[in-house]
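Trainee: I have a structure open and would like to walk through it with you. Could we take it piece by piece?

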Amino acid sequence: MGNLLLRHRLPENWWRSRPEPPRERTRTTAWPLRSAFRRAPLTWCIGLRTRTGTVVLRATQKVLKLLPEPFGGAAPSDAALGDWYVNRIVIDRQPLLLLVSSTSRLAIVTMARDVRALPNRLGTLVGERIRRLMVAPAAVALEVEATTAVTVGKTIDRSVTGQMVDFAKAIPYYLPEGHWNEDDLKLVEDKLAETPCLASGPYKGVIFPREKAMQLLEAKWRASVRR
């Protein structure tokens, strides 16, 4: 009996040779990062090159009633071209939307269709306009991305609204006499981009929309384009 017990005796420290059960994976590092992205209005992901900014669409009273409910105390725009001001005008019985950048005075002229969806279309309109400028395609893409999240607000800068009045008066002279179509609006935009703005003050304060927009886009996105 004694020999039988010795034959079946377990080796010393036998429990150390047993395989450990698999440990359950945790997600403690993923959730704080994901929640931080939800909270931040502007997110920069180094390496992933993902940026999400906001831009303010500032409408006149004529257009404001056609847009979604405005938000009070809108934050400053993250885009290089700043806030976009919009007004509704009528040329030859055709309703148009005139949009002007607050920082560069660059203008966009488009048909006034589905005005309520303008915040969702603003990034597309801006992209189509600045692609005709001599700027890097990467800068165009970054500016469009920064114009994706749109907040609706009221106009706050009288110099911009006054410039919109001057542009609206000039538009009929840039359109062909008689019949014109939507393609002719690009010619109007090019003419407005060459119009000096803030010309009543010192010459150093005069803004030429095309050149100013190119300078702002390069200055804003230069570091990202060079990577």
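Mentor: Gladly! Let's begin with a term: two strands pair if DSSP finds at least two bridges between them. Keep in mind, too, that this is a predicted model.

Trainee: Thanks! Then which residue of E4 is the bridge partner of Leu57?

Mentor: Start with the strands themselves: E3 (residues 54-59) pairs with E4 (residues 84-91) in the parallel sense. That pairing runs over 3 bridges. Within E4, the bridge partner of Leu57 is Trp84.

Trainee: And on the E7 side, which residue stands opposite Val55?

Mentor: E3 is also joined to strand E7, residues 149-154, by 6 bridges, and these two strands run parallel. Look across from Val55 into E7 and you will find Val150.

Trainee: How many of the 6 residues of E3 are buried?

Mentor: Buried here means under 20% relative accessible area. E3 is largely enclosed by the rest of the structure, because the number of its 6 residues that are buried is 5.

Trainee: Let's move to Thr110. Is Thr110 buried or exposed?

Mentor: Thr110 sits in strand E6, residues 107-111. Its contacts, leaving out residues up to four places away in sequence, are Leu96, Leu97, Leu99, Leu125, Glu182 and Leu185. With a relative accessible area of 10%, Thr110 is buried.

Trainee: What separates the C-alpha atoms of Thr110 and Lys186?

Mentor: Along the chain, Thr110 and Lys186 are 76 residues apart.

Trainee: Is H6 parallel or oblique to H7?

Mentor: Helix H6 (residues 158-174) packs on H7 with the axes 10 Å apart and an angle of about 125 degrees. Angles over 145 count as roughly antiparallel and 65 to 115 as roughly perpendicular, with the rest, apart from those under 35, as oblique. That angle therefore makes H6, relative to H7, oblique.

Trainee: Last one: how many nonpolar residues does the contact of H6 with H7 have?

Mentor: H6 passes H7 in a right-handed crossing. H6 contributes Phe167, Ile171 and Tyr174, while H7 brings Leu187, Val188, Lys191 and Leu192. By class, the contact has no polar residues and 1 charged one, and its nonpolar residues number 6.

Notes: Residues numbered from 1 in each chain as written. Predicted model: local features only at pLDDT ≥ 70, side-chain atom pairs only at ≥ 80, totals over all residues. Heavy atoms only, no water. Axes fitted to C-alpha atoms, helices over the stretch in contact; angles between N-to-C directions. Helix = DSSP H or I, 4+ residues; strand = E, 2+ residues; numbered from the N terminus. Left-handed = near helix turned anticlockwise from the far one by under 90°. Contact = heavy atoms within 4.5 Å. Nonpolar A, V, L, I, M, F, W, Y, C, P; charged D, E, K, R; others polar. Buried < 20%, exposed > 50% of the residue type's maximum accessible area, 1.4 Å probe, protein only.
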